[in-house]
Amino acid sequence: MIVRLARHLQNGTLSHIGTALFIYAHPDDESFVSGTPLTLAAAGHTTALLTLTSGDAGLWLGKAQGSWSRPDLAAERAKEWAAAVECIGYRWSRLLRYPDGGLRDAPAEVITADVVAAIREVRPDIVCTFGPEGAGSEHDDHRSASYFAARGFARAALADQYPERGPAHVARRLFFSATPYVVDAPAAVGAVTPTHTIDVSAFETRKAAAFECHKTQHKDRDFFYELLKRRQGKEYFHLAIDRGSPAPDAGDLFGP
Ligand SMILES: [Zn+2]
């Protein structure tokens with residue numbers, strides 16, 4: 001029951017049906033990589049989304065939240081998130097309410113337990129999240145989401161960890177969002193290198209529709225469409241943990 005993320009999608013054969021859980025920080029983060037869950041769902045896989053904060057600060061790349069109060073913005077973004085979830089077609093979804101902009105300082109054991117509970121509930125074959133650098137933007141919440149997703153991925157497999165949050169589940173693969181190195185795209189510098197490329201070109205319109213659900217974030221619209229164009233129908237992942245893979249033969253750190 002393993003999802004071979006790129007392989008079978010590229011050659012058009014479906015040899016495994018699996019479940020993928022995506023873990024991100026804010027409502028709208030999921031839309032930037034929604035081509036992959038759309039593609040997986042169309043191929044018969046089950047997709048799920050865990051979002052850690054309510055997005056109540058609304059800050060993104062230093063932009064202000066405008067006239068919204070934090071509770072009002074949180075309520076509005078929850079509605080937008082629900083619309084995007086429906087558009088992308090996740091079969092399971094959960095919006096946690098950790099403070100936007102404060103994930104780094106939130107209680108680590110409490111968040112880890114919530115991630116573990118989600119993994120044990122969804123029982124995914126693969127988990128996808130941001131890279132440890134914070135998806136190129138280096139946003140603290142993105143970096144923290146990556147850390148807690150990886151921590152939860154490991155802890156969910158251990159029966160003596162958070163036993164009150166469900167029976168242990170061993171997810172096989174953990175993927176980070178990745179970006180090919182591009183010299184003239186400073187925002188992407190520091191992002192992890194892709195090991196898997198997903199052809200999402202059939203779902204570009206739907207992906208844009210998912211982003212359009214987040215009306216309070218339309219200040220980021222130019223960036224979204226610029227990224228959509230730059231990626232040319234592709235999304236990228238880095239295989240960070242593969243529990244099914246033996247250690248490779250001896251190699252050379254400087255070689256290919
Ligand atoms: Zn975000």
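**Reading the sheet and the core**

Guide: Happy to! Keep in mind that this is a predicted model. Strands of a sheet pair through backbone hydrogen bonds, either parallel or antiparallel. Here, strand E1 (residues 19–24) and strand E4 (residues 126–129) run parallel and are joined by 4 bridges. Within that pair, Ile23 stands opposite Thr129 in E4.

Visitor: Which helix packs on the sheet there, and which strands does it touch?

Guide: That is helix H6 (residues 140–155), touching E1, strand E2 (46–53), E4, strand E5 (173–177) and strand E7 (234–242). The direction of H6 makes about 165° with that of E4.

Visitor: How does E5 pair with E4 and with E7?

Guide: E4 and E5 run parallel, with 4 bridges between them, and Cys128 stands opposite Phe175 in E5. On the E7 side, the pairing is antiparallel over 5 bridges, where Arg173 has Asp242 as its bridge partner.

Visitor: Are the two faces of E5 covered or open?

Guide: In a regular strand the side chains alternate between the two faces of the sheet. For E5, both faces are covered: Arg173, Phe175 and Ser177 are buried on one side, Leu174 and Phe176 on the other. Since 5 of the 5 residues of E5 are buried, the strand is largely enclosed by the rest of the structure.

Visitor: Which residues touch the most other members of the largest nonpolar core?

Guide: Nonpolar side chains tend to be buried together in soluble globular proteins. Of the 56 residues in this core, Leu21, Ile23, Val115, Ile119, Val127 and Ala145 touch the most other members. Helix H5 (residues 108–122) gives the most to the core, with 6 residues.

Notes. Residues are numbered from 1 along each chain as its sequence is written. This is a predicted model: local features need pLDDT of at least 70, side-chain atom pairs count only at pLDDT 80 or more; totals for chains, interfaces and linings use all residues. A nonpolar core is a set of buried Ala, Val, Leu, Ile, Met, Phe, Trp, Tyr and Cys residues joined through C-beta atoms within 7 Å. A residue is buried if 20 or more other C-beta atoms lie within 10 Å of its own, exposed if 12 or fewer, and partly exposed in between; C-beta atoms are placed from the backbone. Two strands pair if DSSP finds at least two bridges between them. Two residues are in contact if their C-beta atoms, placed from the backbone, lie within 7 Å. Axes are lines fitted to C-alpha atoms, for helices over the stretch in contact, and angles run from 0 to 180 degrees between N-to-C directions.
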